[in-house]
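Student: I would like to learn how to read the computed features of a structure. Please take them one at a time, the general idea and then the case.

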Amino acid sequence: MRIGSAKQSYLADQALFDSTPQRAWFGVLLLALVAFPFMANEYWLYLACLVGLNIVSTTGLNLLTGYTGLVSLGQAAFMGLGAYTVAILQVRYGSPFLLNLLAGGIVAMLGGILVGLPSLRVKGLYLAIATIAAGFMTHFLFAHWAGITGGNGGMTVPPARLFGAELDTSFRLYWVIAPIMILMVFGAANLFRTRIGRAFIAIRDRDISAAVLGIPLMPYKLMSFAISSFYAGVAGGLFAYFFRVVTPESFPLLMSIFFLAAVIVGGMGTISGSIFGAIFMTLVPELLKLIVGWLPLGDNATLVLSPVRTIVFGSMIVLFLIFEPHGLAEIWRRIRRLFHLWPFRT
Amino acid sequence: MNVDWLFFFEISLAGLGTGGLYALTGLAFVIIYKATRVVNLAIGDMLMIGAYLFFAFSAGMGLPLWIAIPAALLSMGAIGALVERTIIRPMLGESPISSFMVTVGLSSILVGLVELIWTADQRRLPDFMPTKPIQIGEAFLAPKTFYGFWVAVVLIVIVLLVFRFWRGGVALRATASDQGAAYSMGINVPRVFSLSWSLAAVIAGVAGIVVGAIGGISSSMGIFGLSVLVVVIFGGLDSVLGALVGGLLIGLIEAWTGTYLGGEYKLLATFSLLVLILLIRPYGLFGTHDIERL
């Protein structure tokens with residue numbers, strides 16, 4: 001049984017894992033991730049890859065919205081920038097896979113800085129709506145710069161090649177997406193052990209106080225936009241390799257809303273929340289498909305599925321905000337606490 | 001370049017026609033924002049619900065117009081109050097971002113409901129406006145746009161008068177300017193919240209019926225709401241005058257860019273304008289500039 005925090009040094013307080021059991025469990029999780037592709041079928045591998053790239057993007061948005069307090073509805077736009085950069089580099093120059101991903105991240109980052117510029121003057125909801133503009137502008141760019149992006153028809157992306165192996169199946173892509181995801185999630189977790197991450201949190205909690213404490217708002221807000229859209233860009237790049245086709249319609253406003261919902265459902269301002277949120281939001285539609293399949297609807301099933309999905313999606317946002325504003329991460333924390341305190345109750 | 005002035009005049013008139021509807025919907029948005037400080041992203045979807053209710057009452061149940069329209073609007077009022085009571089009231093005291101996200105969820109629920117009940121197909125509302133083309137000077141104007149504009153103008157005037165003279169309107173203004181003070185003067189603030197959502201829903205309903213009559217109805221009608229967001233940000237979230245001026249201006253700009261550059265430039269132009277305005281005046285043209293202190 002543990003009560004309260006038994007930390008004895010700042011280093012212990014900052015550690016990524018508080019205890020040895022936690023480290024052990026993480027090892028188990030890693031093993032499970034390694035074993036997973038050998039046991040899962042094609043469908044589950046497909047879902048795992050999708051979850052993986054959604055985790056990257058959700059983590060990125062959580063850095064911006066959950067940790068820095070800047071609400072953005074432009075995540076899909078940044079993903080689009082990353083995906084198109086990767087697609088163009090791959091199709092035209094055939095440059096190496098990892099370099100393309102990095103370039104996608106960097107282009108998205110530049111886009112993020114550009115969109116973040118108004119954030120220096122605009123706050124809160126005005127900013128949220130201003131970021132919607134990013135989506136329209138990138139959509140326009142993709143659709144109208146036809147010479148480079150292929151216009152409305154979009155682009156077909158050849159499979160990625162890494163060390164001579166063609167990454168053309170979910171099984172092979174999994175071995176790329178999973179490590180990148182783990183690396184980026186760890187990067188995000190580590191960020192909040194540094195000065196930059198701490199500054200983000202201070203800005204979220206009260207920006208004027210942060211300014212009084214000597215944190216320059218402008219560079220840090222822009223940095224938050226930059227890092228967050230870098231994550232989106234990498235996720236977008238993976239998206240391009242995963243679906244092998246990018247069109248202007250691939251990155252609608254609804255997708256930005258999806259990621260914001262994942263951040264909320266998972267838990268704003270927690271790394272584990274980004275992971276839970278992305279898993280939950282990606283898998284619930286699949287679960288719905290199963291449930292609707294069981295119901296005796298006959299041919300109506302496919303007709304009903306899409307609206308029901310939309311309604312469940314909206315209800316989840318509303319219900320989580322009303323009943324569990326800290327999201328799944330908070331539920332998880334309570335479960336852990338239950339085990340810590342057992343046999344006593346909280 | 002040789003400008004065809006008559007043509008220009010005609011599209012400008014059409015633009016003003018749409019602009020009137022933007023202004024009207026913007027007004028519904030501003031009422032909610034002023035009273036409850038909720039940025040309602042679902043305004044376009046509320047408008048869509050209004051149009052579909054009218055569709056259900058008139059085409060579905062075959063009721064005559066003079067029953068179908070009031071019935072649709074009354075249901076809208078009830079829906080507005082219901083939404084406020086069930087999902088907005090519990091968010092009282094939460095951060096503005098949370099209540100904003102709740103309306104994002106609401107928007108998704110409304111779209112899903114419409115698709116579930118009426119499917120996503122495009123439908124036509126029954127014609128209820130005169131169909132004779134309108135001539136202003138030498139310019140011709142689609143009658144629906146013309147009458148739609150006047151419906152918007154009349155309703156805006158009514159709302160402004162109501163705000164000015166009716167007790168409920170005064171309570172609404174009082175709540176908007178200072179909630180605490182309004183409470184202590186005996187104004188039932190929660191009821192004002194319900195009232196503002198009902199009123200806004202009814203106004204959105206009217207706008208929806210007119211928009212639906214002009215362009216048909218479908219589950220993607222909520223896109224209209226995006227232009228309205230630009231309008232209110234442009235004019236200032238809490239300014240009635242801003243919504244009116246912004247509505248007409250955005251209507252004009254959309255009509256011009258839509259005709260001279262092509263339909264896909266419309267949203268691009270308005271959103272670019274939005275970003276520009278935000279950089280110059282972050283609180284919109286006529287919005288209140290909050291001064292923050294520590």
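Tutor: Helices (H or I, at least four residues) and strands (E, at least two) are DSSP runs, numbered from the N terminus. In this predicted model, A:Phe171 is found in helix α8 of chain A.

Student: What are the conventions for numbering and for confidence?

Tutor: Residues are numbered from 1 along each chain as its sequence is written, and chains are lettered from A and ligands numbered from 1 in the order in which they are written. The model is predicted, so local features need pLDDT of at least 70, side-chain atom pairs count only at pLDDT 80 or more, totals for chains, interfaces and linings use all residues, and side-chain values use heavy atoms, with hydrogens and water left out.

Student: Is A:Phe171 buried, exposed or partly exposed?

Tutor: Buried means under 20% relative accessible area, exposed over 50%, and partly exposed in between (1.4 Å probe, protein chains only). A:Phe171 has 30% relative accessibility, so the residue counts as partly exposed.

Student: Which residues make the nonpolar surface patch?

Tutor: Patches are made of residues with over 30% relative accessible area and no salt bridge; like charges are joined within 9 Å, and nonpolar side chains (Val, Leu, Ile, Met, Phe, Trp, Tyr) within 5 Å. Accessible areas come from the Shrake-Rupley method with a 1.4 Å probe, and for residues only the protein chains shown count as cover. Here A:Val34, A:Phe38, A:Met39, A:Phe171 and A:Trp175 form a nonpolar patch of about 530 Å². At least two of its residues come from each of α2 (20-39) and α8 (170-191) of chain A, and α2(A) gives the most, with three residues.

Student: How is the interface between chain A and chain B described?

Tutor: The size of an interface is often given as the accessible area lost when the parts come together. Buried area is the accessible area (1.4 Å probe) that two parts lose on being put together, summed over both. Between chain A and chain B about 3,800 Å² is buried, and carbon and sulfur atoms give 82% of that area. A:Leu125, A:Tyr126 and A:Ile129 supply 19% of the area that chain A buries against chain B, more than any other three residues.

Student: How many residues does each chain bring to the contact?

Tutor: Contact means heavy atoms within 4.5 Å. Chain A brings 39 residues and chain B brings 43 residues.

Student: How many salt bridges and polar contacts cross the interface of chain A and chain B?

Tutor: A salt bridge is a side-chain nitrogen of Lys or Arg within 4 Å of a carboxyl oxygen of Asp or Glu. A polar contact is a pair of N or O atoms within 3.5 Å; within protein, one must be able to donate a hydrogen and the other to accept it, and residues adjacent in sequence count only if both atoms are side-chain atoms. Across this interface the rule finds zero salt bridges and one residue pair in polar contact, both at pLDDT 80 or more. On the side of chain A that touches chain B, α6 (124-144), α10 (207-212), α12 (253-266) and α14 (300-323) each supply at least two residues. The most come from α14(A), with 13 residues.

Student: How many salt bridges does the structure hold over all chains?

Tutor: Side chains of opposite charge can pair when their charged atoms come close. Over all chains there are five salt bridges. Among them, A:Arg334 pairs with A:Glu324, the closest N and O atoms being 3.1 Å apart. A:Arg334 lies in helix α15 (residues 327-341) of chain A and A:Glu324 in the loop between α14 and α15, so this pair ties together parts that are 10 residues apart in sequence. A:Arg334 is partly exposed at 41% relative accessibility, whereas A:Glu324 is buried at 15%.

Student: Where do A:Arg333 and A:Glu330 lie?

Tutor: Both lie in helix α15 of chain A, three residues apart, about one turn of the helix. A salt bridge joins A:Arg333 and A:Glu330, with the closest N and O atoms 3.3 Å apart. A:Arg333 is partly exposed at 40% relative accessibility, and A:Glu330 is buried at 18%.

Student: With which side chain does the side chain of A:Ser95 make a polar contact?

Tutor: The partner is the side chain of A:Asn100, at 2.5 Å. A:Ser95 sits in the loop between α4 (75-93) and α5 (97-116) of chain A and is buried, with a relative accessible area of 14%.
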